[in-house]
Amino acid sequence: MSRRHNPLRAQLHRSYTIGEIAALFDVTKTTVSHWIRDGLTPIDRKRPLIFQGEHLRAFMQARMAATKRPLKAGEIFCVACKRARVSVDSAVDLRIVSATSGDLVGRCPACTRTIYRRVKLANLARDIGSLTLTAQGP
């Protein structure tokens with residue numbers, strides 16, 4: 001299972017060794033070696049390998065950006081299935097949370113659990129897509 005590592009932990013004006021990177025992100029040195037194979041570039045190829053904090057942060061941000069999968073209109077993310085789903089019968093409830101936001105609440109067609117999506121009320125028409133709004137409530 002992959003984890004999300006906070007790229008902001010890498011200081012821009014600092015240099016890191018493989019062991020320091022492993023300690024910084026709480027991973028093994030083998031994981032850092034895999035990152036090197038995947039494109040993390042050292043300052044030079046002399047031992048010990050040294051990495052600029054700026055390049056390390058950019059590499060980690062690029063890895064995080066590559067895993068993002070924005071929801072399309074009408075989709076709600078099911079945490080149990082770990083997939084974007086369209087609610088059963090394309091029906092959702094809107095629960096108002098504040099003056100500017102609300103939750104779309106529906107049922108996952110695969111596991112039948114309750115699924116939620118936080119939306120801005122100003123963008124409701126765009127985010128709801130082809131879903132049918134069945135009720136509004138607190």
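C111 is partly exposed, with a relative accessible area of 24% (buried means under 20%, exposed over 50%, partly exposed in between, with a 1.4 Å probe and protein chains only). The model is predicted, so local features need pLDDT of at least 70 and side-chain atom pairs count only at pLDDT 80 or more, while totals for chains, interfaces and linings use all residues. Residues are numbered from 1 along each chain as its sequence is written, and side-chain values use heavy atoms, leaving out hydrogens and water.

**Exercise 1.** Find how many disulfides the structure holds.

*Solution.* Start with the rule: a disulfide is a pair of cysteine sulfur atoms within 2.5 Å. The structure holds zero of them. For C108, the nearest cysteine sulfur is that of C111, 3.7 Å away. For C111, the nearest is that of C78, at 3.6 Å.

**Exercise 2.** Decide whether C108 and R113 are buried or exposed.

*Solution.* Take C108 to begin with: its relative accessible area is 0%, so C108 is buried. Now R113: its relative accessibility is 51%, so R113 counts as exposed. Yet R113 touches C108, as well as A80, G106 and R107, not counting residues up to four places away in sequence (contact means heavy atoms within 4.5 Å).

**Exercise 3.** Work out how helix 1 and helix 2 are oriented to each other.

*Solution.* Locate helix 1 at residues 18–25 and helix 2 at residues 29–37 (helices are DSSP runs of H or I, at least four residues, numbered from the N terminus). Their axes cross at roughly 110°. Angles of 65 to 115 degrees count as roughly perpendicular, under 35 as roughly parallel, over 145 as roughly antiparallel and the rest as oblique. The two helices are therefore roughly perpendicular.

Conventions:
Axes fitted to C-alpha atoms, helices over the stretch in contact; angles between N-to-C directions.
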